[in-house]
Structures are given as structure tokens and as C-alpha cells.
Amino acid sequence: MEILSQMWSFLGLLTVLQNVLPSQILSLLHSLYESLQDFFSPFAYFEIPEFNDYCGVDVNDLYRHVNLYLNSVNPATTCRRFTLSRSKSSNRVSFTVAPNHTLHDSFDGHTLSWTHQVETVQDSLEERRSFSLKLPKRHRQAILSPYLDLVTSRAEEFERVSRERRLFTNNGHGSYESGWVSVPFRHPSTFETLALEPQLRQQITDDLTAFANGKEFYHRVGRAWKRGYLLYGPPGSGKSSLIAAMANYLCYDVYDLELTKVSDNSELRALLIQTTNRSIIVIEDIDCSVNLTADRLSKTKRTAPAKGSSRDHESEENGRVTLSGLLNFTDGLWSCCGEERIIVFTTNHRDNVDPALVRCGRMDVHVSLGTCGIHAFKALAGNYLGLESHPLFDVVESCIRSGGSLTPAQVGEILLRNRRDCEVAIKAVISAMQARILGAEREPIEYEEMAKSPESLERGLMESPENWETSSPGRKKRKDGGSGSGSGSVSWEKKVKFLVRLRSLTKSDSGRRGC
């Protein structure tokens with residue numbers, strides 16, 4: 001009782017002193033008390049406010065990083081109370097430490113804690129938010145700087161992975177404030193679903209990983225942090241799907257640049273400036289977008305032009321995108337106005353692209369995409385049919401080795417139409433490959449007709465060489481035209497022998513299933 005009475009007396013004395021002493025002396029006593037508390041306390045405290053000024057205009061970037069970092073470590077496991085939220089632009093649920101609650105963390109064998117402090121401003125509805133970091137005072141010099149670096153790197157990585165990716169395209173007004181319009185990028189393509197050979201897939205993913213983690217390397221060697229990819233191959237070889245898989249792998253935005261909408265080189269530079277870091281800039285069908293190669297040819301052919309024609313030519317170049325403008329776009333001074341960018345060109349015909357556009361330093365990686373190999377076909381069969389192995393895979397491999405391979409788009413369409421029956425689907429692919437070996441140019445609708453009747457493959461294999469020759473337009477021309485060259489007849493005999501072998505393989509496979 002005596003202790004309680006002494007405590008009440010002490011509190012009464014403090015109340016009297018608060019009413020009697022001036023405010024300056026009270027603040028001095030308060031600061032002296034906090035100094036004594038900090039001196040005897042084994043912990044150091046650091047406050048990180050939401051804004052850098054009292055006006056609430058300059059946002060503290062470190063506060064945002066701390067908030068993202070605490071989301072990445074999942075506060076649900078180390079905090080008793082937290083708030084959940086989800087924005088319209090993301091499907092991820094974000095965790096936030098509840099006001100005036102603490103979250104514990106560990107770094108380099110030391111225990112640290114974050115407290116989310118929220119105070120209501122007097123005579124206002126506004127709230128003042130801040131994070132308070134508590135760490136051991138003895139090791140604060142060795143802990144603080146590397147720990148904040150870890151917080152920043154983890155926050156940037158979490159923001160890159162969790163944010164919604166966007167697909168941009170230029171709207172023809174690049175000289176204005178915003179020359180891009182965007183939609184959410186939700187393409188499902190990944191490197192696991194792509195029809196690529198394993199070695200090529202590994203090479204691309206390794207190169208992308210090294211690029212994304214190469215910030216210090218690029219700065220050390222004095223190169224702009226960008227990478228160029230040239231994707232070339234026939235239509236349907238998977239160039240656009242590969243770009244989508246690259247964007248999903250790196251969590252980058254995609255800028256689809258339509259050169260025909262760009263009026264001149266100045267607008268092209270303005271569009272480049274408006275792109276963000278961590279993005280892929282794509283120019284598809286670079287050889288068909290604008291007549292760039294003609295620029296170099298016209299300059300070499302032009303000899304001693306008249307004054308009037310020279311002025312006309314200069315005005316013509318000022319009114320469109322030129323080869324020089326595109327070269328500066330990819331590898332000039334303007335190309336280093338941002339970081340962590342990948343520029344991708346696609347073309348169906350590599351030889352039609354000007355060599356200056358695809359040299360090393362502009363297009364660093366050249367990726368040839370063609371018809372399906374056996375590994376790519378197995379990947380497609382796994383995606384569309386859920387098959388890891390099948391007896392007819394050996395027949396497909398024999399067709400591929402004999403020149404009957406198809407593009408991933410052709411194989412995917414056949415498997416898609418016949419996905420309800422795996423046997424019919426694979427036989428339809430073999431029928432299409434057989435038609436390619438024989439040199440018959442068949443339309444996709446004929447693939448469907450062959451797939452409707454599983455016996456069509458057997459009938460095709462049972463036909464005599466004479467019927468093959470007359471049924472194929474290319475072969476019929478050869479027969480009408482005469483005996484032809486000796487090498488052509490030898491090649492034809494090889495194809496006949498190969499199809500006879502296909503017949504035997506198919507029959508032996510059906511015999512095994514019948515046993």
C-alpha cells in the first residue's frame with residue numbers, strides 16, 4: 001500500500017509540474033528522459049516516415065520498399081495481426097502489418113523487428129504513417145547498411161514478380177505525352193509449353209537469366225544494359241510464342257512497335273523514351289514493316305543528283321522512318337536512355353534483313369526456329385494429348401528424319417482437332433508428314449479429312465507407287481514430262497522404300513496391341 005501511495009503522489013507531482021512549468025522546460029526534460037532511455041537500452045531505433053517532408057508530397061521510396069519487403073517475407077508467419085488487400089491490377093493478395101503492431105525478422109544471426117506506427121494528426125483526419133526498425137545497438141554499424149540493401153533488392157524483385165504485366169502498342173501519336181496504349185498481358189506461353197529442342201531451350205533461358213542478373217557486369221564493362229534477339233523462321237514456327245514465353249520468364253512488359261504507324265525518326269525516338277525499364281520491345285516482320293534495305297541500295301545507286309532532286313530526297317527521308325533512324329534506335333546513344341531492355345526482331349526470311357540491323361551489338365542472339373524435331377513433337381503431344389510416350393512416336397521420328405517434319409503450328413492444329421482420340425491424332429500427324437515426304441502440297445482442311453477416318457493412313461500406305469505418283473500433282477508432272485534425271489528417280493525410290501517401311505511399322509504396332 002505504501003508503494004501505491006508513493007506512486008500516486010509521484011503522478012500527482014508530475015501533473016502539477018506539467019501545469020506549472022513552461023513548455024520549453026517540459027520538452028527539455030522529455031528529451032533528457034529519452035536520451036537516458038536510449039543510453040541504457042541495448043537496442044537502436046530508426047524511423048522511416050512515409051513522406052520525406054511535412055507537406056506529404058515527396059514520397060519516401062524507402063518506406064515503399066519496406067512495405068514491399070514485408071509482403072515478400074509473408075507477415076502472416078511472424079505477426080499476430082495484419083491487414084489483407086488486393087488491387088484491381090493484380091491477382092496477388094498483399095499483406096500489411098496492422099497499425100502499431102510489430103513484425104520480427106532475422107538477418108546475419110541477429111533479431112530485428114519492424115513496427116508499423118500510425119498516428120492521427122491533431123485536429124485533422126489525416127494519418128501519419130512510418131516504420132520503426134529496432135536492431136541491436138552494438139552491431140548497428142555492421143547490420144544497417146547491408147540489411148537495407150537486402151530490403152531494397154527483395155522489394156524490387158517482389159514488385160517485378162507480383163505486378164501485372166502490360167502489352168503496349170503505339171497509337172500513332174508518339175510525339176505527344178503518351179504514344180502507347182496498353183492492355184493486360186496474359187499470354188499463357190511458357191518455356192515448359194514451347195515446342196523447342198531441349199538444348200535450344202536451355203541456351204535461351206541461360207542467356208535470359210544471365211542478362212537479368214547482369215546489372216553490375218554491364219556497368220563494369222561500359223555497355224548499355226540491353227540485349228538484342230533476332231528470331232527467324234517460316235510462318236508458324238513459334239516466334240510470337242517464344243516472345244511471350246520470354247516476357248513471362250522475366251516478368252517484363254511487352255512493347256509491340258508497329259513501324260508503319262511511326263511518321264519519322266523523331267517520333268521513333270520519342271516512343272523509345274516513353275518505354276519503361278524491364279521491358280521487351282518487339283518489331284515483328286522487320287523485313288516487311290518498312291522498306292529499310294532500299295535506303296542503302298538507293299544511296300549506292302544515286303550518282304551526282306541534281307539540286308532539286310536532292311532536296312526532294314531529304315524531305316522524303318524526313319517524312320518517314322529510315323534505316324539510320326532504326327539503327328540509332330537499337331544501338332545509338334538514344335538506346336541507353338533506359339535499362340534492362342530486350343529488343344526483338346522477327347522475320348520469315350533472314351536474308352531480306354539489312355546486315356547492319358542484325359550484326360553483333362544490335363542483334364546479339366540469332367535464334368533459328370523451323371520445323372518440329374522429335375523432342376518438340378513430344379512436347380506438343382504432351383501439351384495437347386497428355387502423352388509422354390506412344391508406340392507411334394518411332395514412326396513420327398522416322399518421318400522427321402526423312403524430311404516430313406511440320407511446323408509447330410501445323411502439328412498443334414492437327415492435335416487440337418483430334419485431341420479426343422490420341423491414336424487418331426498421331427496417325428493424322430503421320431499422314432500429313434507422309435504427304436510432305438511425297439511432295440504433295442495439301443491444305444489444312446485435308447489434314448482434317450484424313451483425321452476423320454483412321455483408316456486413311458492404312459489406305460495411303462497400302463497404295464501402290466503408281467497411285468502415289470499419279471495422285472501427287474508434283475509427281476504427275478514428272479511422269480508426263482519424261483523419265484527425268486537419274487538422281488530424281490533414286491530419290492523417289494528411297495521415298496517408296498521409306499513408306500513401305502512405315503507400313504510394316506504400323507502393322508507390327510497394331511499386331512502388338514492385338515496380342
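I began with H7 (239-250), which lies across strand S9 (226-232), S10, S11, strand S12 (341-347) and S13. H7 runs at about 170° to S12. For my notes, helices (H or I, at least four residues) and strands (E, at least two) are DSSP runs, numbered from the N terminus. Angles run from 0 to 180 degrees between N-to-C directions, with axes fitted to C-alpha atoms, for helices over the stretch in contact.

Then I looked at helix H8 (residues 265-274), which packs on the sheet and touches strand S7 (166-170), S8, S10, S11 and S12; contact means heavy atoms within 4.5 Å. The direction of H8 makes about 40° with that of S8.

This is a predicted model: local features need pLDDT of at least 70, side-chain atom pairs pLDDT 80 or more, while totals for chains, interfaces and linings use all residues. Numbering starts from 1 along each chain as its sequence is written, and side-chain values use heavy atoms, without hydrogens and water.

Next, the sheet. I found an open one of 7 strands, ordered S8-S7-S10-S11-S12-S9-S13, with mixed pairing; two strands pair if DSSP finds at least two bridges between them. The edge strands are S8 (180-184) and S13 (365-368), each pairing on one side only. From one strand to the next, the twist averages 20°.

I also checked one pair inside it. S10 (residues 253-256) and S11 (residues 279-283) pair in the parallel sense over 4 bridges. Valine 254 has isoleucine 280 in S11 as its bridge partner.
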